[in-house]
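Trainee: I would like to learn how to read a strand and its neighbours. Please take me through one case.

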Amino acid sequence: MGLSAAAPLWGPPGLLLTIALHVALSAPPATPLAPRPQDYCVLGAGPAGLQMAYFLQRAGRDYAVFERAAGPGSFFKRYPRHHKLISINKRFTGKVNAEFNLRHDWNSLLSHDPRLLFRHYSRTYFPDAHDMVRYLGDFADRLGLHVLYNTTITHVTLDRDRQAWNGHYFILTDQKGQAYQCSVLLVATGLSVPNQVNFPGSEYVEGYESVSVDPEDFVGQNVLILGRGNSAFETAENILGVTNFVHMLSRSRVRLSWATHYVGDLRAINNGLLDTYQLKSLDGLLESDLKDLAILKDSEGKFHVTLKFFLEENNTNQSADSITLPQDNSDNFAMRVAYDRVIRCLGWNFDFSIFNKSLRLNSGNPLDMKYPLIRANYESRGSRGLFILGTASHSVDYRKSAGGFIHGFRYTVRAVHRLLEHRHHGITWPSTELPITQLTNSIIRRVNEASGLYQMFSVLGDVVLLKENATAFEYLEELPLLTLPQLETLTGKKAENGLFVINMEYGKNFSGPDKDVFFYDRSVGHTEDAWQSNFLHPVIYYYRQLPTEEEVRYRPPYWPLPRPTAIHHILEDFLTDWTAPVGHILPLRRFLENCLDTDLRSFYAESCFLFTLTHQKLPPFCQQGYLKMQGLASTESLRQHGVESRLLRDYAAMGRHPKASSQEPGDHGPVSAPLAPGSPVQSLDSNKEEL
Amino acid sequence: MSSSCRVFGAGICFVITCIFCKSMANSLPELSPQKYFDTLQPGKASLAYFCQTGSPSTSVFLEELKEAVKPLQDYGISVAKVNCVKEETSRYCGKEKDSMKAYLFRGNILLREFPTDTLFDVNAIVAHVLFALLFNEVKYVTTPEDLQNVENALKGKENIIFSYVRAIGIPEHRAVMEAAFVYGTMYQFVLTTEIAVLESIGSEDIEYAHVYFFHCKLVLDLTQQCQRTLMEQPLSTLNIHLFIKTMKAPLLTEVTEDPQQVSTVHLQLGLPLVFIVGRQATYEADRTTAEWVARRLLGKAGVLLLLRDSLEVNIPQHANVVLKRADKGAPLEFLVLHDVELIVSRVENTAHGGEIGENENDAAEEADIDTQDDEVAETVYRDRKRKLPLQLTVELTEETFNTTVTASDSMVLFYAGWQAVSMAFLQSYVDVAVKLEGTPTVLLARINCADWSDVCTKQNVTEFPVVKLYKAGRNPVSYAGMLGTEALLKFIQLNRISCPVTVMSVREAEEYLSGEFREDLASSAGVSVLGLFSPVMTAAKEYFSEAGKYLQGYVITGIYSEEDVSILSNKYAATLPALLLARHKEGRIESIPVAGSRTQDLVQIITDALLETFERKKTPVGRGILQAYFDPVPPLPVLVLVNLHAGGQVFAFPSDQTITEPNLILWLKKLEAGLENHITILPAQEWRPPLPAYDFLNMMDAASQHPTRKVPECTKEIEVQENDKEQHEDRSATRKEPAETLRIKHWNRNNWFKAAKKSLRHDKEL
């Protein structure tokens, strides 16, 4: 509208946010108390800190969690301001598989204790934040996690020492001057600094963190909200019924989570204002860069929106009433009405202030201090041994996956813990080794129940490492995908014979704030179209060797992984149940067979017996089962079905009517005996032709 | 029996002929004129190319001529290159180098001379030569009147096979000539290259070659036109052959058998059978209808008349037509069709599934990607609606698992509802429960790991199916035997006693060895093992004890180490420590010395001994195996020796000898000395993927090159043959995306592969 047209007229970017680093620097190292040594120090007893504490505790590691508040999860005591969590508490799925159910439980942390599931703490679908505080308290208590409450770490610095695991210790100092010497520092402090944008008049703006949540305070008012995230809409939702109108202003268009498939975008539960805007009920949305704006307070205490440009044009000392307003030039300017209140809901930034410069912990972008810069393994780019966990680690998958939320980072925390176990304790990444005949099963099982794969789609993936000659494989769960080039050093496993990566993905061109996600034919139903699946579905990548750093860095745009040797999409499924024998399992088997150049079918003992005496070599299923006297016997009923399907031959009947069978077309030659359509020999022959 | 022997004999002859042909195939005999004329035999045709020595310009022709040697030989026509040396000039040797010609002789009579440019390739050579030889059998016509004359002359006498080809010497011409070579005496062949002739019989589509069958023999009224049947398949030798074969079949057959059992030439040719269901009472009318249908369906289906009254099998009351498709296993279709046209269109619609043609083969292959070829998965799926008596086994959950397995001795099957192998085994497991019902031995339980994933993981179950036996005070034991009812039953039975059993006296030992001890168990075990030790051999006893525990459930083991153990060791000629193996069924006891064997060795020794009894069962699969070795299967008994480990040769004991010990030993000795020939060698191929997979990467690449948001109906179109493409233009217009298939080892070779296969298939046809 009118305002956006004026947008290009911005001035030079000023010194926007000079983060108060000097505050930290000037804090004196108060007492000479000897630093307490600790292998692992966790900063913050929020969900991520407690989750890491749980894994460290289970592994029997020397660790401590530092928490400035008197109990865990203090953020949730105040936020969200309206106390409604937008992470779903789905208590019923119709399934009993605990792992599967975590796919739809967005609030629980991972533990072995089934009592510590969030569904025991709230019956509400969008639960109350206080239940989260209670839950986290129980989580820390029941599991006996070592948390030092009321301990505010005011300063973190680095102490170089060749003896240290990482060549240096992290020295933490608390408010009493007590120092702690940590080998590994795990920062789970979340995002605690409200994001502020500096513009003339920003001092008139109330912040989300302090604005009243009592609708009575807004009765009959004109309200302008800056920001367009969930906090902005949550604030609007709360006062929608009592205000004259609510206008919402932000730089970019609204991002609806059901269009972007990103849970951090605007959720439907908060979007009542979209309705009233589109139905012309006075509320409205506007787009403009806040940095170009200025807010003026008139003599009656009402606020006017104008452009910074006009302010600079005039003398700064002029009274508010005489400054040019956009409507003076353009009389239909959208925001020409005066506001009673302006509220800022612009999100949160990471608190960099306690970290000494020597740690080189920064965001990598001075204009955006939201997240510290980290690697794919969640380790800071600046110092080895410093990991960022939880919400603050969301830079890895911001606006993509769930790493900024409990239901996502509970898995990335586990991944970091597994990496640490290998790096410092020589414990290789947990894996199961199975014969190749179990490969299809293993993948099908995981894509149907694994919650980490599902929640952290395109960030964490399962890896299948093939053994020599592809007779067996090792299955590793939930590795950060982009660490693939360093897999051998990070996990202690060998990947010399090729690998599969199992990932979950949305369709490449499906998600986006401007995408119509309800278009006709949005889902595909035929196996040959599986690659066009739009909704979250499993994708399997096959690599002959580990991708290199280069390949990962220069992977095609929008690809979670570099270009593989071959790729398989398991057809999207309305019920996310990928167990259909022909629709899901068969195409997967064919893909694996063709990658491995083998036959992965299963056979009854009878068939294996026949192959043993008619072939020099046996298919893997017979080798790994039948030959070890573990063949699979068929039953009468199954045998009958086998004969009807022509996959098994009716030898008994053959004996009775030898002539009838000799007339059977396509039954030539002795070798194509038992499996009419895809008899092994037939395929072998065709393969030979191809060679 | 005698007939099958004959087939066998023919098979051998065939093989020999082929070997002979093969050795001749690539060699074009080069002779001097004199020598050449000496070789000519009366009545035999021969094609000779006369050329000057060292004339390079004709090498392309010579290549083609070489190609033609074999096909022409199949028709009894010899081919030679005659070198016109200076000393022996012949009138066939041209004067100039470029006017060299090929000549066709019968005996030493010249039939025809061919300028080399008419014989432009192997097809042209074969076509021209046969055309010249079959001058009388194949009438060449140029006008509609000519054709009409031939037709009129043959009405009531002989049927005509009329074909149109675009030109002489092209592959279609060759195909027609090859068919004429075989069928020329039975039918009058008429050939034309004139479009006008084709148009005169009402054909619209004149772009391609055509073959018509004129049913002139049936015509009695000379003013009536012969009925015509168009061959709808592409013109190839094989297709003409099949077409003629169907034409030869009687127009209408009356049958009194169950339609399921009826088989005619049509079925063999992939054509459906149509049974017109009539009644004795309306016989005449039914027969007329059936004949009418038969005429309409000539070449498309076999038509049979079936009288309901004369049939024992029940045909649904209302049905008047029974359709039997050519694909085996397809059920009979009982139809109610009151109009001949409906029957015709029905057959035409179904025919597309059963046609024999190149396209059809590709289509079949393509469809297979989505067709289940895993016998376990398919059978389990087909059986999914059958209710199993699952209530006989206890279904466990996370809550009940621990309490159940600790409360009583239990066997637990870990399975996954979606996993075919474990669901197949569940059936056997339930069978065991049925067999054990009422006999309180062990609690049979099961847990679905698709639901109770965590329980299974905690029990260390990472694959399916797994069976574990939980007994109080013992670590759970995984069952490692055959996944079948019998084997599992045996395991349960044998687990009722804990092994090894300590035998207290020589008498008890004798009882044990004779199978009288725990008779029920011994019989299901088949073999009992008794370890004999002198009381001082503590270490050896310990090892044996361990082995016995390890083999718990698979074999009964006992231990005897009293002072008087020598009584037993003497009796069975055993040196202590020793194992006595009692095979109860044979009543045989053997001894094995085990001095110095540790647990692992003992387990191995006992397992090997058990293996000897492995698979000595009667199985119908045997017939399948014998089919792989013999064609046809000889009368039983047959004795076969298979060398599985080296080479895979299969040797058969001579069928004319009786199976006696001396004969056998002699035979085996001969085998050892390498004096016997194997009857076959087992194929040594690797087990490769039975079918390709969809190549999604390729499709994604294709889509990113031509970005379209979504292809509405992405259909299977593996065929990317440029030549054929045009024919299917309209069809492929709606199917944009080729669904490529994937074979990792052979990237981007699909097209090449298709082309190669096509040409191979072509070769087969000739």
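Trainee: How many residues of strand β9 (residues 210-215) of chain B are buried?

Mentor: Buried means under 20% relative accessible area, exposed over 50%, and partly exposed in between, with a 1.4 Å probe and protein chains only. In this predicted model, six of the six residues of β9(B) are buried, and the strand is mostly covered. Strands (E, at least two residues) and helices (H or I, at least four) are DSSP runs, numbered from the N terminus.

Trainee: Which residues point which way from β9(B)?

Mentor: B:H210, B:Y212 and B:F214 point one way, while B:V211, B:F213 and B:H215 point the other way. Residues of both groups are buried.

Trainee: Which strands pair with β9(B)?

Mentor: Two strands pair if DSSP finds at least two bridges between them. Strand β7 (residues 160-164) of chain B runs antiparallel to β9(B), with five bridges joining them. Strand β10 (residues 227-230) of chain B also pairs with β9(B) in the antiparallel sense, over four bridges.

Trainee: Which residues are bridge partners there?

Mentor: B:Y164 has B:H210 in β9(B) as its bridge partner. For B:Y212, the bridge partner in β10(B) is B:L230.

Trainee: What share of the residues in chain A is buried?

Mentor: Of the 691 residues in chain A, 60% are buried. Chain A has 23 helices and 22 strands.

Trainee: What should I know about the numbering and the limits?

Mentor: Residues are numbered from 1 along each chain as its sequence is written, and chains are lettered from A in the order in which they are written. Local features need pLDDT of at least 70, side-chain atom pairs count only at pLDDT 80 or more, totals for chains, interfaces and linings use all residues, and side-chain values use heavy atoms, leaving out hydrogens and water.
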